[in-house]
Structures are given as C-alpha cells and as structure tokens.
Amino acid sequence: MSILVYVENTDGKFKKSAFEVVSYANAIAEQSGTEVIALSIGNVEESQLSVLGKYGASKVLNVNTEQLKSFVNQAYAAIIVDAAKSSSASIVVLSNSFSGKGLAPRVAAKLEAGLADGAIELPTVNGETLQVKTGAFSGKAFAYVALTSAVKVIAVNPNSFEVKEAEGTVTIEPYSPSIDTSDFSTIVKDIIRATDKISLPEAEIVVSAGRGLKGPENWGMIEELAHVLGAATACSKPVSDAGWRPHSEHVGQTGIAVSPNLYIAIGISGAIQHLAGVSASKTIVVINKDPEAPFFKVADYGIVGDAFDVIPKLITALKAYKGI
Amino acid sequence: MKILVCISNVPDTTSKITFTNDNTAFNNAGVQYIVNPYDEIALSKAIDLAEGGKGTVTVITVGDSSTEATIRKALATGADNAIRVNALPRDAWFVANQIAHYAKDNSFDLILTGRESIDYNGTQVGSLVATILNIPSVSISKKLDIDGNSATVEREIEGGKEVLTLNLPAVIGTAEGVAETKIPNMRGIMTARTKPLDVIEPIEVAQLSHIVKFETPAPRGAVTLVDAGDVEKLVSLLHEKAKVI
C-alpha cells in the first residue's frame, strides 16, 4: 500500500503546488502508516527531484523522455495509472491545477476510483471510506465527499494546504512506463507564457479591480500595486466582458475561483457571483468610494474612498514599508 | 458534423444557498434553475459550428422531469433535439457513464461540456466521458476551431496558454472566449416546443462517491475601516495583524 502523488513542473522546475501535494500526501501517510511515492513526468533535474524528500516522499519515480516533455493528458494519465498500479497505491493525490483538472478524472476513470476534486482539507478516514471537504456552489458552501471505491483520487486546490517539511530519506528511480501511441493523439503546438505575470490560481496575493476604474487605460496603477506586492492581477466580470482585461483575469463564480492569503478588491461593488469566487481568500481588503458596496460586508479591512486618490498613496506607503 | 452538448441544470447564480435535512440535502425552495453558464458557452459554440446545415446539435442532461424547463431553454437557444436520462445525478461517474453510453451508440464527432458546473464545481464529467469512450479531451478551452476532422484548441495554463491540436471525435470543456452566449429569440422559444425531447432510462453504474453533508462558510467578522487619508495604517494592519505582507 502507498500513496502516489503526481508532482507537476513547469519547464523542469517544480511548482509550489508540487510541494503542497507531497505535504498533503505525507500528512495522510503519517496517519495511516503508508509511504509516499512521488511521480515526476518531464525533464526535471535529479537535484530537484531529491527536494521532494524534504516534504515526505520516500521514493520518486522519474519519467524523463523527450516525447513527454509537454503535457499530454491522455499519456500523462496513462503513466499515473501505470505507476499507481505498480506501486499498489490506494490513494492518488494531484493538484487541482488547470492540468490536474484534466488529468484527475482520466486517472480516476481508468482506476474506477472515486474522485474528490477541489479538496481543501485533509481527508478523514472512516474504515475503507475517505471523507474529503471540497468547495461547492462556487464558494458559497462546502461539500463533504465520501470516496467509497477501493482506490481513491484526490485533487487538492492550490493554496489550500500548507507546504510542510518532513524527515526521511528519498530514493530516485528512473521509471519507464508502457504507453500506447494512441495516447499521443493530442499535439502541443505552442506554449505562450506571460513570463512577467504571476499565475492567478496560485497567487498568494491578488489585486483585483472593477468598473470603478472607469476604463482599461487606468489599469497602470493596479499593475503597479500588484508589482509592489508581488501579486497577480484580476478583475470582475463586467470588466472582462467589456474587453478591458482578458477573460483569464476574470475572478468569480463564472471565472476563476481564488484562495489567496490577501485579496484586494478595488472599485468592485461585490455582486454575489463575484463574492462566490473570492470568499476562500484568507484576508479581504476592499477599496470603494460607495460605503454601501456589499463587498464591505465580507471584507476584513476597508477604505471608503476614491481609487484614483487611494491607490497612488497606497503604492507609496507600500514602497516605503518595503524600502523600495 | 454531429455535436453532443452536455448540459447541467443548476441553481441561478444569484441563488442563496441553503440546505435541509440536517445539512445533507440542497434546499430547492424558491430556487430558479438555469442551464449551467459554462454549458451555455458550449451550446452556443455548437450552434455556431452547426449553422447553415453544417451539422446537428443534440443536448443531453441527466435529471428528473423537473429539468425539462432547462432543456427546453437549450432547444429554444438553437439545439435541434434533446435527450434526458431519467435519473437523479448521483455523482460525476454516474452522469459520465450515462452520457458515454448514449454517445457510444450515436457516434458524435464532437462532445462539448462546460468547463465545470457551478453547483458542485466538478470539472470531471467531460474528461470521464472521454476516458470511457477512449477519445482525447481538453478540460478548459478558451478558444476552439474545427477544421474537417481536426480541432485546434487554446487551453488555459498557469500564467499563459497552450495551443493544441487533436483529432475528432473529442470531448472539449469550454470556458469564456470560446463563444458568445446566445439568448433564445421568440422564434426559438416557439419552435422549442415542437423539437424532439427523448427520455431514456439510465444504465446501472457502481457508486464510487457520494456527498455526506454540506456546510456554509462561517460568517466573517465585521470590517475594520481605515481612513482614506491614512493608508499607512492599512499597511501596518496587513503586516502586523493579518500577517499577509
């Protein structure tokens, strides 16, 4: 018996979510007395692979072939399933990232495993059943999902489980799974990364703005504030619908749900659909000139004031605080 | 081109979410149901692709007769016909098996789903259907072009996007950017009543998961207001009290 964890990398470097899922799996393993086996697919250097031991992996299976350099969900799912079977895994853990959302159901279907996607806490064990807390109704509620199948798959929401160091040693093994050529029917033609931007779902701080900004030409101060804080930028639905900002920045019930440590909402009134996507944020700051804006009801800190007056002052104050 | 669009019947986005039976069941009282907003994007894309006699659009949902108002709305929007699998959805595996079972017998070129449903926020059904049918899938697409037997898809990734090509048949999960959402017009509403809506019985599927209970988030404490002229105080609160910077 073991817990298999799929660890994602970007261009050969592990993402924070990789350490989150290993920490998550290790916490389950400590409860149940099993071992954590990490599976890495792609060209990750051996020195990086061994870092996974710091978070509780006792073994790392390393799949590293040119063919698998890019993410192909059918092939990657087939490898995860192969590794889960060969290591007799009873639980498979992945990140509920953009790639994980496509992978986890494929893995679950092939293993005929129940899947809890969007896990936000460690599972509780009740005999052969695992109970997992997940987000539901776009952050307006939580659902406790019981997984009753022999093998269980859990996809953990980014930023919802703390990275924790653990003791132990790790071994690294090259792994050569058998893959069907039909699993490579999807071809990656191009990858376009905005290198200067922080990924929104994984960001620890998010600076978000709405119609109160009056037009796309005023986003410079939002980007500057985000830059000073090391934050990702986001927006409300009307803003992306108007084409002021790309859809990929739209946060809310029909956009991206975020759970950063700090969410700063500027010029956003706080429609129920927007609040749904941000309610998992640990601390919410609202800046709005309308003291009746519904967002103030869910905010931890608020400033009633005009964004065009407050934001430049806030940037100056943060620069002074950070000494930049 | 034959296109199957999977639609989910979900509470309106403005619904207040409450539960009954000791927090084990969703409280339907006073809740309006709608086509899942992401599925509307899938449906709109399918209608665009089939326009001008280039294809047909079938919508499928798994649900009891109460979902028929939502299905009729999809027909009014422009779908040609509809299938209702007569069962309450138990979990994503159950729903996906019903859809895959129907799709297998009716050889669709393209199956579209929304990227997720706004009720249980599952992103599972599309990829599960694809795996059961052993065809490719993309779970979150932001752009979709079809050329003959091939699809070009832009997929969202952390901090960017990826351009993929895949052969049909395939299952694609759609998000904003794929199509402008269509609204039913009067002619659509009138013709929707006469379009075929077939009800089929579910197949047996092993239950792999179930929801034990629900919980609503704890209310947040009262907001601490900071004077607009004293932003330094906000900075110190975020550093010293909230410890987030």
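How much accessible surface does chain B have, and what share of that surface belongs to carbon and sulfur atoms? The accessible surface of chain B is about 10,600 Å², and 50% of it belongs to carbon and sulfur atoms. This value, like the others below, is computed from a predicted model.

We can begin with the overall build of chain A. Its secondary structure consists of eight helices and 18 strands. The radius of gyration of chain A is 21 Å, close to the 20 Å that the globule rule gives for 324 residues, so chain A is as compact as a globular protein of that length. Along the principal axes, the C-alpha atoms of chain A fill a box of roughly 60 × 40 × 40 Å. Of its 324 residues, 60% count as buried. The accessible surface of chain A comes to about 12,200 Å², with 50% belonging to carbon and sulfur atoms.

Contacts tell us how the sequence of chain A is folded back on itself. Take the contacts between residues at least 6 apart in sequence: in chain A, 64% of them join residues at least 24 apart. Charge is another property to look at. Chain A carries 27 positive and 33 negative side chains, and the centres of these two sets lie 5 Å apart.

Helix α1 of chain A covers residues 16–32, which is 17 residues. An α-helix has 3.6 residues a turn, so residues three or four places apart point the same way. After α1(A) comes Gly33(A), which has a positive phi, near 70°.

Ser138(A) is one of them, with a phi of about 50°. It sits in the loop between β9 (129–136) and β10 (141–147) of chain A. Is Ser138(A) buried or exposed? Its relative accessible area is 9%, and buried means under 20%, so Ser138(A) is buried.

Lys243(B) is not a glycine either, yet its phi is positive, about 55°. This residue lies in the segment after α6 (231–241) of chain B. The relative accessibility of Lys243(B) is 63%, and exposed means over 50%, so Lys243(B) counts as exposed.

Chain B has another backbone feature to find. The peptide bond from Leu168(B) to Pro169(B) is cis, with omega near 0°. Pro169(B) is placed in the loop between β11 (160–167) and β12 (170–174) of chain B.

Of the 245 residues of chain B, 54% count as buried. Among its contacts between residues at least 6 apart in sequence, 70% join residues at least 24 apart. Chain B has 23 positive and 30 negative side chains, and the centres of the two sets lie 2 Å apart.

Note on methods
Residues numbered from 1 in each chain as written. Chains lettered and ligands numbered in written order. Predicted model: local features only at pLDDT ≥ 70, side-chain atom pairs only at ≥ 80, totals over all residues. Heavy atoms only, no water. Helix = DSSP H or I, 4+ residues; strand = E, 2+ residues; numbered from the N terminus. Expected span 1.5 Å × (residues − 1). Rg over C-alpha atoms; globule rule 2.2 N^0.38 Å. Buried < 20%, exposed > 50% of the residue type's maximum accessible area, 1.4 Å probe, protein only. Contact = heavy atoms within 4.5 Å. Areas by Shrake-Rupley, 256 points an atom, 1.4 Å probe, with all protein chains shown as cover. Lys, Arg positive; Asp, Glu negative; His and termini not counted. Charge placed at Lys NZ, Arg CZ, Asp CG, Glu CD.
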